[in-house]
Amino acid sequence: MTTSRAFSQPATDFATTDIEVLTMHEARCGMSNFDRRDMFKVVLVVEGANELHYTTRSYAVDRPALVFTNRLIPYAWEVVEGSTDQQGHLCCFSESFLHSAMRGVSLKDTVLYKVEGNPVYFLDAEQLRYFTDAFTRMRRDLQSDYAHKDDLLRNQLSIIIHEAARLQPATAQHAPANAAERITSLFLNLLEVQFPVTAQLREPVLKSASDYADRMAVHVNHLNAMVKEVTGKSTTSHINERLVMEAKLLLAHTAWSVGEIAYSLGFEYPTYFNNFFKKHTGITPLTFRRAHLAVA
């Protein structure tokens, strides 16, 4: 039996902090940066039993491990009820923070952050000591007054990512059993890759079933049939629901104008966005924003 931990909740703002290094105890005590959806994260589990859940697979993290989670793929992190106190370290950071250290390679293209990559790497005693020392150095550097500490932190993160790439990844407890599940899993993950939309991360948003089918190299009719078979909903329904969710977050938690939100979500004109939002919610974007502000 598991109890959910709020390690992957939507952010309530779009702060600009680019890196944070915490202990698990500090994260549980409300260090909010670890909850930011626009951040990449590296977690060093030292003690405690956890479960990491993705759309179609789960991992039992019941021993020392290095775990990579990120804004590209939705996940749920749960602590197994009755397990020992959670001990370990975590680092959350933006892609732009690490960009220069990775020599222009997007984190999305690295083996540790691919949609179908393996995020869990179990550690032996020697590897645990190595990564514990790395996190300890990062914490020390972050708290120092050294003028070039960001460079030190980037180097440490780059080393951790490269060292982990040499490890043997853990095996998921469940994998898609057939082509329909596999294609649907890829679609749902690709859908989440588009979000969140932030001022720092302006990336094209795929808005139609054909867009996703083209990216996945499958015929749109085949994609629609597979998604409908597995989820009971059409591809377009999934896309529209996710766009509405993101629109509500932006309306509620940013000062962007309705026009800016429309363009950021890939709508050519604000009127198209207004019509889309009203069709799916029954109210206009401005009405939703005013209602949210009134409640807040």
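Colleague: How many helices and strands are there in the chain?
Modeller: The chain has 11 helices and nine strands. Helices (H or I, at least four residues) and strands (E, at least two) are DSSP runs, numbered from the N terminus. This is a predicted model, where local features need pLDDT of at least 70, side-chain atom pairs count only at pLDDT 80 or more, and totals for chains, interfaces and linings use all residues. Residues are numbered from 1 along each chain as its sequence is written, and side-chain values use heavy atoms, with hydrogens and water left out.

Colleague: What percentage of the residues count as buried?
Modeller: Of the 296 residues, 46% count as buried. Buried means under 20% relative accessible area, exposed over 50% and partly exposed in between (1.4 Å probe, protein chains only).

Colleague: And among contacts between residues at least 6 apart, what share join residues at least 24 apart?
Modeller: That share is 73%. Contact means heavy atoms within 4.5 Å.

Colleague: Switching to helices, at what angle do α8 and α11 pack?
Modeller: Helix α8 (residues 235-253) and helix α11 (residues 285-295) pack at about 55°, and their axes are 9 Å apart. That makes α8 oblique to α11. Angles under 35 degrees count as roughly parallel, over 145 as roughly antiparallel, 65 to 115 as roughly perpendicular and the rest as oblique. Axes are lines fitted to C-alpha atoms, for helices over the stretch in contact, and angles run from 0 to 180 degrees between N-to-C directions.

Colleague: Which residues meet there?
Modeller: From α8 come Lys-248, Leu-250, Leu-251, Ala-252 and His-253, and from α11 Pro-285, Phe-288, Arg-289 and His-292. By class, this contact of α8 with α11 has five nonpolar, two polar and two charged residues.

Colleague: Now Thr-184. Buried or exposed?
Modeller: Thr-184 counts as buried, because its relative accessibility is 2%. The residue lies in helix α5 (residues 179-193).

Colleague: What lies 2.7 Å from a polar atom of its side chain?
Modeller: The backbone oxygen of Ala-180 does. Leaving aside neighbours within four places in sequence, Thr-184 is in contact with Met-226, Val-227, Val-230 and Thr-231.

Colleague: Where does Ala-170 lie?
Modeller: Ala-170 is in the loop between α4 (149-165) and α5. Its relative accessible area is 8%, so Ala-170 is buried.

Colleague: What is Ala-170 in contact with, leaving aside neighbours within four places in sequence?
Modeller: Tyr-59, Asn-118, Val-120 and Phe-122. Ala-170 and Pro-119 are 51 residues apart in sequence, and 7.9 Å apart in space, C-alpha to C-alpha.

Key
Nonpolar A, V, L, I, M, F, W, Y, C, P; charged D, E, K, R; others polar. Polar contact = N/O pair within 3.5 Å; in protein donor to acceptor, adjacent residues only side chain to side chain.
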